[in-house]
Amino acid sequence: MSESVSGQSANSLGYGPVKTLAVRLSESTRAQLDIIAQLNDRTVTDEIRLALEAWIEKTKSDPSVLERAQAVRDEIERDAAVRRDAIAAIFDTGAPGAKTASPKRPASS
């Protein structure tokens, strides 16, 4: 089955910029996908896109995924705070509590 049946691009369907993703499927799964696309009068690409969007929406409400996402956010925030503090220690000489570098004096002759 050709996937270039529709003259519409992903951009014209409102998807904005797109990236290509190659997926390896068994012959049986691909054959079933071809039939489903044909029955729904859509391309295989559209069927895959719709299925992935539905799976993403379902995953967004999974409590265990939400819990792991919060743990990742917390770790990112901890890492960012360490990096901010390191930058402040190096460059923020006017900030309270920041170490100031002593000015260098010219060597006297």
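Me: What makes Arg49 count as buried or exposed?
Reply: Arg49 has a relative accessible area of 19%. Buried means under 20%, exposed over 50%, and partly exposed in between, with a 1.4 Å probe and protein chains only; Arg49 is therefore buried. This is a predicted model, in which local features need pLDDT of at least 70, side-chain atom pairs count only at pLDDT 80 or more, and totals for chains, interfaces and linings use all residues. Residues are numbered from 1 along each chain as its sequence is written, and side-chain values use heavy atoms, with hydrogens and water left out.

Me: Why is the pair Asp46 and Arg49 called a salt bridge?
Reply: The closest N and O atoms of Asp46 and Arg49 are 3.0 Å apart. A salt bridge requires a side-chain nitrogen of Lys or Arg within 4 Å of a carboxyl oxygen of Asp or Glu, so the pair qualifies.

Me: How do you know that Asp46 and Arg49 are separated by about one helical turn?
Reply: The two residues stand 3 residues apart in helix H2. Helices are DSSP runs (H or I, at least four residues), numbered from the N terminus.

Me: Why is the link between Glu47 and Arg42 called a polar contact?
Reply: Their side chains are joined at 2.7 Å. A polar contact is a pair of N or O atoms within 3.5 Å; within protein, one must be able to donate a hydrogen and the other to accept it, and residues adjacent in sequence count only if both atoms are side-chain atoms. The pair is therefore a polar contact.

Me: What makes Arg78 buried or partly exposed?
Reply: Arg78 has 47% relative accessibility, so Arg78 counts as partly exposed.
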